[in-house]
Amino acid sequence: MAKKAKALSNEEIVSIRFNPPFLLNTFQAAALLGKSVRTVREMFHEDGFPMKRGASAKSEMYVVRDDLLTYMDGNGSLVHDERS
């Protein structure tokens, strides 16, 4: 049986952009950055990208909000900040 897709609703995306949680999974990080989930997962392999994975290779990836925003701001890759 196939896994159920973990798409975020438009309301969840707006909520994440205005008040992001402390820990973000790949879907939430993509919504915050305005990028696709695939792009965020590919960025996992970049040097210094703050995304982490649990002990197992199949564990879900996560990132701390402040680390992600600091990294993206330092690289000039932050698309835009709708919170201001």
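Trainee: What makes Glu-12 partly exposed?

Mentor: Its relative accessible area is 39%. Buried means under 20%, exposed over 50%, and partly exposed in between, with a 1.4 Å probe and protein chains only. So Glu-12, at 39%, is called partly exposed.

Trainee: And what should I keep in mind about the model itself?

Mentor: This is a predicted model, where local features need pLDDT of at least 70, side-chain atom pairs count only at pLDDT 80 or more, and totals for chains, interfaces and linings use all residues. Residues are numbered from 1 along each chain as its sequence is written, and side-chain values use heavy atoms, with hydrogens and water left out.

Trainee: Where does Glu-12 sit?

Mentor: Glu-12 belongs to helix 1, residues 10–18. Helices are DSSP runs of H or I with at least four residues, strands are runs of E with at least two, and both are numbered from the N terminus. In space, Glu-12 and Ala-31 are 8.8 Å apart, C-alpha to C-alpha, though 19 residues apart in sequence.

Trainee: Why does Thr-26 count as buried?

Mentor: Thr-26 has 2% relative accessibility, so it falls on the buried side of the cut-off. It is found in helix 2, residues 26–33, where eight of eight residues are buried.

Trainee: What is Thr-26 in contact with, beyond its neighbours within four places in sequence?

Mentor: Val-37, Val-40, Arg-41, Met-51 and Met-61. Contact here means heavy atoms within 4.5 Å.

Trainee: What is found at the start of helix 2?

Mentor: A side-chain oxygen of Asn-25 comes within 3.0 Å of the backbone nitrogen of Phe-27. After the helix comes Gly-34, with a positive phi near 75°.

Trainee: How do you know that strand 1 and strand 3 pair?

Mentor: Two strands pair if DSSP finds at least two bridges between them. Strand 1 (residues 23–25) and strand 3 (residues 61–64) are joined by three bridges, so they pair, and they run antiparallel. Asn-25 stands opposite Tyr-62 there.

Trainee: What about strand 2 and strand 3?

Mentor: Strand 2, residues 52–53, pairs with strand 3 over two bridges, also in the antiparallel sense. Tyr-62 in strand 3 is the bridge partner of Lys-52.

Definitions and conventions: A polar contact is a pair of N or O atoms within 3.5 Å; within protein, one must be able to donate a hydrogen and the other to accept it, and residues adjacent in sequence count only if both atoms are side-chain atoms.
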